[in-house]
Amino acid sequence: MMNKTNDEKEMSLLGHIGELRGHLLRCVIAVVVCGFIVGFNINWIIDSIFFGPVRNDFPTFRLINFLSHQITGQSAIELPADFPVRVQKLYQQFNVMMAVSVVGGIVLAFPYIVWELWRFISPALHPREKKNSVWLINSVWLLFMLGVLCGYFLILPFAINFGVVFKISDIIEPLYDLSDYAALFFQIVIGMGVVFLFPIIVYFLTVIGILTPMFLRTYRRHAIVVIMVIAAVITPADVLSMMMAALPLLVLYELSIALCARTYRKVQKESVLVKG
């Protein structure tokens, strides 16, 4: 009888591993398909999206200049007409194309990846837990996409503007490296997408009893220092882009405190009902 029980547990474990493998395989297929979609449109994506923030007609610059014209009568940001980019290695353009295709595929497939992982976890949840987890699953990909958009439209343009405008001598002619630009692009855009998942981490830590709203409020000053460090890591060395990255993170931290407080009250109430 004991051997039969052990065999059933082993089969159950192998079954879960096989099911997880199926979900992960579908996630990989989704990334590959989305990567091919990006790859087949790579010329338009590179010209319109990848190099979009280096042009004066980028939406962020247009908005800032519109507001500046209303106040001062002149443009606040004026980038050079040309953004000279060079390649130093034979396969550098190919490598950047592959990186853009892979990262773009992950971003496009991210909602599906989250959905697949939820499909794997959901059978083990109670109906009430499953119902409550729907908003959480949607929050994961929504926050990630919001972080990506924040990095692309809010932080990357200012980082590029500083790098282009800053000069130590008029003798130096700018000539930008393609791989260096790609690294900056991914660092800011994907970095902000990952950092925006902080409320989800706060939620899980609160549910399992590790984190409390009192802790987040008590160490708010320490959190501000950590946020500034994270903003400095995500962005280049200029103060403006670092502050632009820190601002949404500070707002996110305050929202996380409110989420933690709400979740903590709910957990405490459920624990009282169980004990009662």
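Let us start with N161, which is buried in this predicted model, with a relative accessible area of 13%. The cut-off for calling a residue buried is under 20% relative accessible area, so N161 falls on the buried side. This residue lies in helix 5, which covers residues 127–165. Which residues does N161 touch, not counting those up to four places away in sequence? They are F61, I77 and L79.

For a contrast, please turn to F40. This residue lies in helix 1, residues 2–40. F40 has a relative accessibility of 71% and counts as exposed.

I now come to the salt bridges. How many does a search of the whole structure find? The search finds four, and I shall discuss several of them in turn.

Consider R220 and E254. They form a salt bridge in which the closest N and O atoms are 2.9 Å apart. R220 belongs to helix 9, residues 220–234, whereas E254 belongs to helix 10, residues 239–275, so this pair ties together parts that are 34 residues apart in sequence. Both partners are partly exposed: R220 has a relative accessibility of 29%, and E254 has one of 38%.

The next pair is R119 and E116, with the closest N and O atoms 3.2 Å apart. Why are these two residues separated by about one helical turn? They are three residues apart in helix 4, which covers residues 92–121. The general principle is that an α-helix has 3.6 residues a turn, so residues three or four places apart point the same way. Is each partner buried or exposed, or something in between? E116 is buried, with a relative accessible area of 0%, while R119 is partly exposed at 32%.

Let us return to helix 4 and consider how it meets helix 6, residues 178–195. The two helices pack at an angle of about 10°, and their axes are 10 Å apart. Helix 4 is therefore roughly parallel to helix 6. On the side of helix 4, the contact is made by Q92, Q93, V96, A99, V100, V103 and V107. Helix 6 contributes L178, S179, A182, F186 and I190. What classes of residue make up this contact? There are nine nonpolar and three polar residues, and no charged ones.

Finally, I ask you to look at helix 7, residues 198–207. Its buried residues are P199, I200, V202, Y203 and T206. Seen down the helix axis, these buried residues fall within an arc of 160°, so they line one face of helix 7. After helix 7 comes G209, which has a positive phi, near 90°.

Methods. Residues numbered from 1 in each chain as written. Predicted model: local features only at pLDDT ≥ 70, side-chain atom pairs only at ≥ 80, totals over all residues. Heavy atoms only, no water. Salt bridge = Lys/Arg side-chain N within 4 Å of Asp/Glu carboxyl O. Helix = DSSP H or I, 4+ residues; strand = E, 2+ residues; numbered from the N terminus. Buried < 20%, exposed > 50% of the residue type's maximum accessible area, 1.4 Å probe, protein only. Arc of directions from axis to C-beta. Axes fitted to C-alpha atoms, helices over the stretch in contact; angles between N-to-C directions. Parallel < 35°, antiparallel > 145°, perpendicular 65-115°, else oblique. Contact = heavy atoms within 4.5 Å. Nonpolar A, V, L, I, M, F, W, Y, C, P; charged D, E, K, R; others polar.
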